[in-house]
Amino acid sequence: MSDATLPAMPVLPAPRRMGHAAFWLACAVAALAVIAVLRGIGSEYAYFAATFVLQYVVLATAWNILGGYAGYVNFGAAAFFAAGAYTTVAIGKALGLSLLPCIAFAALVGGALGLGTGLLTLRLRGAYFAIATLCLSVVLQTLVVNWSYVGGSRGAYVIRPRDVPWPFDTYGGYLCAVVVVLAAAAIAIARTIEKSRLGLGLGLAALRDDEQAAEAAGVPTLRLKLIATTISGAMMAVAGAPLPLLGSYVEPNSAFGLAYAVNAIAMPLIGGTASWAGPLIGAVVLASLQQAATVTISSAANLLIVGVVLVVFVCAAPHGILGLFKKGAR
Amino acid sequence: MDPDLALLLNGIVSGLLLGGLYAAAAAGLSVSFGMLDVVNIAHPAFMVLGAMLVALLWGATGIDPLVLSVLLTPAFWALGAAIYVAYHHFFERRGDEAIQGLAFFFGVMFIIEIGLVLAIGPEQHFADASYANVTWRLGEIDLPLRMLVPALVALLAIGGLALFLRRTFTGRAIAAVAQDREALRLLAIDPVRIKRLAFGISIAMAALAGGALVVVQPVEASSGHIFIGRVFAVVIMGGLSSLWGCVLAALAFGVVENVTASFYGPSWSPAVAFGALLLVLAVRPQGFFGRAA
């Protein structure tokens, strides 16, 4: 499973002077390499496990844009994730569209939701913002539970299309390739934001460190916050969009489950929140561990692993795995 | 009496009783989150831990669950103090509490929850008090003792806590540590010691709330989830450090939820209550009764 992302590593050695275009190209190459490796393995389980891990790469990277760069802790990651999943269910049912247009719609829905959250929580900082996003999650879940068109509390079945797009031989393989591309795009977007000279990266960091000082220094904090919540929301919804097709079934309790909210926070923290590589590393490590634990021990144990790993890391390595390496280099 | 009016009155009364349970759950958090600025997202998990222990002890001894929860408070106080020591050492001292501290308690929550599943099992546990099946009737209004007694005990405990905070020197020091820890240092009081004490009290309140919870309904390891949003909502609506604000907000929350449930069905009640909180946050971020944040 973890070898799925190894091809992404070659971009690590020389990140300093790499331009945006070169990085996007590197991500595309890495994505193609991952797809090729997975095709080489060719087992349905490898596709499933890789999809599971990579959906978390997208989710963690998306969370980090707001949580890591701007310092706004979003407890409602599950709400955005589920919004994406349910967009697929609703659009798929209403218009009969296939996965790719559904993902585009999910991005729109998630972006709108993110913008709304940003507008609603303009004046909230720290724990208040976190609680507000938690409330948002509960409200959305209640709406979905009472929306019988998408199955209500009973959940909805989504049947995988019979015909698989060329050149894939199974739908699992196609789904996995889509998620690989999404993950590569998410990472590229995150790095572009982080390194951008437009001031978003620097502005968000200023927002994180001291919002009032940033405001006083002329950083358009409000606009940056809205941009960050919108992008982050759109990407989290995109992460959730393939979910109904992965398991062929979604229901509100699991789609809005605390596991997604926790993982979205835990993965960037374990990897390191300061850079695009942190969520990637954290998601690959933690999601692989969870997938392995689900298969070998039990599904209860995988949440225990998240809990223990999270506590150990925030105590012993407050800057995540990346922080450990940076300390070693100094 | 008009049946709609009777339904409304019953909804309000049982909402108040439910609010008593919320008050019990939220009072401890009002101390840690409101006064100490420790965002203990695991508070409901401690409450469920207390409830499970009460259920097990009740099964072994048959003592009244609420008495058992009072007996558990010293142990929970010690547990809370120990956790605060770790929290202070790893986060507060370094100034990392904003995100890392939150994540720490998130992790603690999962450890407690899954620990309970692995140790006791995922099924529901209950503890029956001797009065659990008695219901007083006042005209058209039902007063089940299963709800009334825990609510009263909770309010009593909160009253005691409020007295302690207002009247005793230590209690005032706790209230002061929230406002100005440097001033406390000048008075030769160690703010860390005070916060450790207060966090212990907060967790001890969680044990009491757990006892109240297990009298009201059977409890399973993940029962805490539904309380996370609610207790934070109550504490924020109550204006953080005010215990009375917290009680009022808890009662209001219980009534809103219960009336919504009796008129529109229980599946809608979270949306109304949490939607209301979202609006409160958007319009008045410091809460109904709060000091400016």
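Visitor: Is B:Lys195 buried or exposed?
Guide: Keep in mind that this is a predicted model. Buried means under 20% relative accessible area. B:Lys195 comes in at 6%, so B:Lys195 counts as buried.

Visitor: Which residue does the side chain of B:Lys195 meet in a salt bridge?
Guide: The N to O distance for this pair is 2.8 Å, and a salt bridge needs the two atoms within 4 Å.

Visitor: What about B:Asp128, which residue forms a salt bridge with it?
Guide: B:Asp128 lies in the loop between helix H4 and strand E1 of chain B, and the partner lies in helix H5, residues 145–167. The closest N and O atoms are 3.6 Å apart. The partner, partly exposed at 25%, is B:Arg146.

Visitor: Over in chain A, is A:Glu194 buried or exposed?
Guide: The side chain of A:Glu194 meets that of A:Lys195 in a salt bridge, 3.8 Å from N to O. A:Lys195 is partly exposed at 31%. A:Glu194 has 18% relative accessibility, and the cut-off is under 20%, so A:Glu194 counts as buried.

Visitor: Which helix of chain B does B:His43 lie in?
Guide: B:His43 is buried, at 0% relative accessibility. Among the residues it touches are B:Leu29 and B:Ser202. Its helix, covering residues 43–61, is H2.

Methods: Residues numbered from 1 in each chain as written. Chains lettered and ligands numbered in written order. Predicted model: local features only at pLDDT ≥ 70, side-chain atom pairs only at ≥ 80, totals over all residues. Heavy atoms only, no water. Helix = DSSP H or I, 4+ residues; strand = E, 2+ residues; numbered from the N terminus. Buried < 20%, exposed > 50% of the residue type's maximum accessible area, 1.4 Å probe, protein only. Contact = heavy atoms within 4.5 Å. Lists of a residue's contacts leave out its neighbours within four places in sequence.
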